[in-house]
Amino acid sequence: MAKKQINVSEVKVEKIDIESSFGKYDLVPHLEELNIYESIFSNHLQAHITLNDAYNIPYKLPIVGEEIIDCKIKMEGDSGEDKDYRIVNPPNLHVHELLDRYKLVDPDTGLGPAQMQRFSLNFVSEQYISNFHSRISKSYRDWTIGDIVEDIYNNYLDDDKGFLNIQDTARTENIIIPNWHPHDAFNWLARRAQPTDSVAVNYVYYETIDGSHFVSLESLSRVDTVLSIIQTPRESDPHKIEGLTGNFIKADDISFIANNNKIKNISRGQYASKLITHDILTKQIAQ
């Protein structure tokens, strides 16, 4: 039986290489913190890294915002291949911002190691860079929205390092994409897409470490729970993350920031009993 992750230290960053026009450099010896963010409400992956550095990497490399990050992460847990760990290979990440750069000093003495500094880098996925440099001007006649999304992805965003998961959509459409970025087109199509097994219109397009997804919120609600939050004392949790082994997080307090907003839902068409469409090609309005 595969082991379960008990401690944060059981996540091992095996490789973080930064590649620039001047060559490749290993960032693992300088690593202080690495975060990769996935969200169903974000079209692309984002990441953040904090480094301690006495070599003056931003100047010596140098870092000018055109660098690529290639990383490899080893995690405890079932890999599906009779191993006690699995390897996570995020897609290539592009540096787009250097921030919070300052010299390290002792707060008591005001002194610090000679030339020692700490700085952070923000990354976006390679797919976002491809999206930013691409625009689509194309008409689709009698295509399903799922097929349109697949066509745009294959022609503008596919980097051969992930996959596209599309939930089947109902009915064919006559659509013109008017010089939009691919992600803008996906977001617009998501507001029109309807699943074959439901009347709800609630698709989202998002990117994860494994690939990209164009699916409905309804389908996501049917998958197994990944992580639950329960309100219970954490006094018997020596590692402070004991709940991760049981797929839950212990919380001291739970606050509900916002609930139902009827005015906003009306503007989104949640309570509508009819759909009005405007065909750009024939200039006809249908109900």
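Arg-171 sits in the loop between S10 and strand S11 (172–180). This is a predicted model. Arg-171 is not a glycine, yet its phi is positive, at about 55°. Its relative accessibility is 36%, so Arg-171 counts as partly exposed.

Asn-179 is found in strand S11. Its phi is near 60°, again a positive value in a residue other than glycine. The relative accessible area of Asn-179 is 39%, which makes this residue partly exposed. Most residues other than glycine have a negative phi, and most peptide bonds are trans. The bond from Leu-61 to Pro-62 is cis, with omega near -15°. Pro-62 lies in the loop between helix H1 (57–60) and strand S5 (68–76).

**The chain as a whole**

The protein chain has 287 residues, and 33% of them count as buried. It holds 6 helices and 17 strands. Take the contacts in the chain with a separation of 6 or more: residues 24 or more positions apart account for 59% of them.

**Partly exposed residues**

| Residue | Relative accessible area | Class |
|---|---|---|
| Leu-34 | 22% | partly exposed |
| Phe-248 | 25% | partly exposed |
| Arg-171 | 36% | partly exposed |
| Asn-179 | 39% | partly exposed |

Leu-34 lies in strand S3 (residues 31–37). What does Leu-34 contact, leaving aside its neighbours within four places in sequence? The partners are Val-13, Ile-16, His-48, Ile-49 and Ile-73. Leu-51 is 17 residues from Leu-34 in sequence, and their C-alpha atoms are 9.0 Å apart in space.

Phe-248 belongs to strand S15 (residues 248–251). Ser-228 is 20 residues from Phe-248 in sequence. In space, the two are 4.4 Å apart, C-alpha to C-alpha.

**A sheet of three strands**

S10, S13 and S12 form an open sheet, in that order, with mixed pairing. Strand S10 (164–166) and S12 stand at the edges. Each has a single partner strand, so one side of each is left without a neighbour in the sheet. From one strand to the next, the twist averages 15°.

Strands of a sheet pair through backbone hydrogen bonds, either parallel or antiparallel. This sheet has a pairing of each kind. S10 and strand S13 (residues 212–216) run parallel, joined by 3 bridges. Here Ile-166 stands opposite Phe-214 in S13. S12 and S13 pair in the antiparallel sense, over 5 bridges. Val-204 has Val-215 in S13 as its bridge partner. A hairpin of 4 residues joins S12 to S13.

How many residues of S12 are buried? The count is 5 of its 5 residues. Tyr-203, Tyr-205 and Glu-207 point one way from S12, while Val-204 and Tyr-206 point the other way.

Helix H3 (residues 145–157) lies across S10, S12 and S13, and runs at about 170° to S10. H4 lies across S12 and S13, and runs at about 150° to S12.

**A pocket and a cavity**

The second largest pocket has a volume of about 1100 Å³. It is lined by 31 residues. Ala-190, Arg-191, Val-201, Asn-202 and Arg-268 are the ones that lie nearest its centre. Which elements each supply at least two residues of this lining? They include helix H4 (182–190), strand S12 (203–207) and strand S16 (277–279). By class, the lining of the second largest pocket has 14 nonpolar, 11 polar and 6 charged residues.

A search of the whole structure finds 1 cavity of 30 Å³ or more. The largest cavity holds about 90 Å³ of space. Its lining has 14 residues, and Gln-127, Asp-159, Gly-162, Glu-207 and Gly-211 lie nearest its centre. By class, that lining divides into 5 nonpolar, 5 polar and 4 charged residues.

Glu-207 points one way from S12 and is buried, and Glu-207 is among the residues nearest the centre of the largest cavity.

Note on methods: Residues are numbered from 1 along each chain as its sequence is written. This is a predicted model: local features need pLDDT of at least 70, side-chain atom pairs count only at pLDDT 80 or more; totals for chains, interfaces and linings use all residues. Side-chain values use heavy atoms; hydrogens and water are left out. On a 1 Å grid over the protein atoms alone, a cavity is a set of points where a 1.4 Å probe fits but cannot get out, and a pocket is an open set with protein on both sides within 12 Å along at least five of seven lines; lining residues have an atom within 4 Å of a point. Grid points are joined across faces, edges and corners, and a volume is the space filled by probe spheres set on the points. Ala, Val, Leu, Ile, Met, Phe, Trp, Tyr, Cys and Pro count as nonpolar, Asp, Glu, Lys and Arg as charged, and the others, Gly among them, as polar. Two strands pair if DSSP finds at least two bridges between them. Axes are lines fitted to C-alpha atoms, for helices over the stretch in contact, and angles run from 0 to 180 degrees between N-to-C directions. Contact means heavy atoms within 4.5 Å. Buried means under 20% relative accessible area, exposed over 50%, partly exposed in between (1.4 Å probe, protein chains only).
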